Amino acid sequence: MQTILGAGGSIGTPLAKELTAFTGQIRLVSRNPKKINTSDELFPADLLDAEKVSKAVKGSDVVYLVAGLPYKIKVWQEMWPKVMRNTLDACIEHKSRLVFLDNIYLYDPDHIPHTTEETPVKPSSKKGRVRADIAQMLMNDVEAGKVNALIARAPDFYGPGIKNTLVNDAVFNPMKAGKKASWFASADKIHSFIWTPDAAKATAILGNDEKAFGQVWHLPTASDPMTGRQIIEFLASEMGIKPKFQLAGKTIISLLGIFNPVMKEFVEMLYQYDRDYVFDSSKFEKAYHFKPTPYREGLKMMIAASG
């Protein structure tokens with residue numbers, strides 16, 4: 001049995017599909033899980049409920065924690081440590097291996113222009129400190145020999161039909177609707193994004209390789225990131241429209257935050273857009289002979305998938 005905690009999201013859905021290459025027993029856990037594969041087992045549960053998490057994990061060989069929480073710092077500070085602790089305790093109790101899908105908020109901003117698995121952990125944001133704390137919680141249990149786990153780390157997502165991502169929500173969807181795209185801080189800095197089908201496939205590969213555990217892995221991401229301007233111009237060219245966009249800096253986003261809570265929360269993360277942002281996944285690519293989807297190919301597939 002392989003179990004997905006936080007099923008149904010940007011990675012949880014394609015991950016359920018990818019796991020069929022390794023097992024016929026997949027359990028989907030969320031508040032309101034829905035089948036992805038006909039044979040999926042559904043287990044409704046709140047990840048803040050330790051008893052429910054334990055029951056959800058029972059009988060699992062591998063557990064994937066891919067949950068997303070509302071983009072609010074108070075929610076993250078209150079809920080993420082509980083979700084991680086409940087998951088770790090359940091995996092320890094039932095001797096299940098754990099794969100945790102993480103982001104790069106915990107890294108030192110000075111190293112954003114080129115991050116590897118060895119990049120220093122030195123977050124500058126409140127959200128980054130939460131991510132650093134829960135990653136350390138996991139690694140403490142690994143180092144103590146309590147649990148067999150790994151961290152699969154990814155940059156920002158882009159992919160077919162997903163939500164709450166810059167490329168999808170601020171660029172592609174507005175352009176498709178005949179509106180201006182939006183970008184943050186600088187449109188002329190390169191920025192790594194991961195194609196969600198690649199992220200899901202790689203996460204499944206890691207979860208089914210016992211040698212991968214006890215480590216941090218960067219999920220496969222194309223090594224030639226584009227600038228925001230290049231992404232917008234390429235999409236516009238493929239869609240046969242003009243590349244119109246608006247640039248939002250700290251002042252504008254702060255003003256938008258008065259009316260939009262998500263924008264208010266995003267201000268502290270703008271450092272990821274005012275400089276180059278390159279996510280190095282060569283460790284994974286070499287270990288598993290994996291070639292990430294090139295950006296232009298992924299963007300073309302986004303357009304095709306949208307109908």
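This is a predicted model: local features need pLDDT of at least 70, side-chain atom pairs count only at pLDDT 80 or more; totals for chains, interfaces and linings use all residues.
View 1. Residues are numbered from 1 along each chain as its sequence is written, and side-chain values use heavy atoms, with hydrogens and water left out. Helices (H or I, at least four residues) and strands (E, at least two) are DSSP runs, numbered from the N terminus. E78 is partly exposed at 47% relative accessibility, and K82 is partly exposed too, at 42%. For these labels, buried means under 20% relative accessible area, exposed means over 50%, and partly exposed is in between (1.4 Å probe, protein chains only).

**View 2. D102 and R153 form a buried salt bridge.** The N to O distance for this pair is 2.8 Å. D102 belongs to strand 5 (residues 97-102) and R153 to strand 6 (residues 149-153), so the bridge ties together parts that are 51 residues apart in sequence. Both D102 and R153 are buried.

**View 3. D188 and R229 join a loop to a helix.** Their side chains meet in a salt bridge of 2.7 Å, N to O. D188 is in the loop between strand 8 (181-184) and strand 9 (193-195), while R229 is in helix 7 (residues 228-239), so this pair links parts that are 41 residues apart in sequence. D188 is partly exposed at 47% relative accessibility, and R229 is partly exposed at 31%. Also in this view is T227, from the loop between strand 10 (216-218) and helix 7. T227 counts as buried, at 9% relative accessibility. Leaving aside neighbours within four places in sequence, T227 is in contact (heavy atoms within 4.5 Å) with A187, D188, K189 and I190.

**View 4. Helix 3 and helix 4 lie side by side, roughly parallel.** The axes of helix 3 and helix 4 (residues 126-143) come within 10 Å and cross at roughly 10°. Axes are lines fitted to C-alpha atoms, for helices over the stretch in contact, with angles running from 0 to 180 degrees between N-to-C directions. Angles under 35 degrees count as roughly parallel, over 145 as roughly antiparallel, 65 to 115 as roughly perpendicular and the rest as oblique. On the helix 3 side, the residues that meet helix 4 include W76, W80, M84 and L88; among those on the helix 4 side are V130, I134, M137 and L138. The contact residues divide into eleven nonpolar, one polar and five charged. In that count, Ala, Val, Leu, Ile, Met, Phe, Trp, Tyr, Cys and Pro are nonpolar, Asp, Glu, Lys and Arg are charged, and the others, Gly among them, are polar. R85, D89 and D141 are linked in a network of salt bridges. The model's count comes to 13 salt bridges.

**View 5. Helix 5 is largely enclosed by the rest of the structure.** Eight of the eleven residues of helix 5 (residues 166-176) are buried, among them L166, V171, F172 and M175. What covers these buried residues includes strand 7 (156-158), strand 8, strand 9, helix 7 and helix 11 (295-305). After helix 5 comes G178, with a positive phi near 80°.

**View 6. Strand 8 pairs with strand 11 (residues 245-248) in the parallel sense.** There are four bridges between the two strands; strands pair if DSSP finds at least two bridges between them. A181 and W183 point one way from strand 8, S182 and F184 point the other way, and all are buried. W183 stands opposite L247 in strand 11.

**View 7. Strand 1 (residues 2-5) is buried on both sides.** Q2 and I4 point one way and T3 and L5 the other, all of them buried. Strand 1 pairs in the parallel sense with strand 2 (residues 26-30) over four bridges, and L5 stands opposite V29 in strand 2. L15, in helix 1 (residues 12-18), is buried at 0% relative accessible area. Leaving aside its neighbours within four places in sequence, L15 is in contact with I4, Y64, V66, A200, T203 and A204.

How values were computed
A salt bridge is a side-chain nitrogen of Lys or Arg within 4 Å of a carboxyl oxygen of Asp or Glu.
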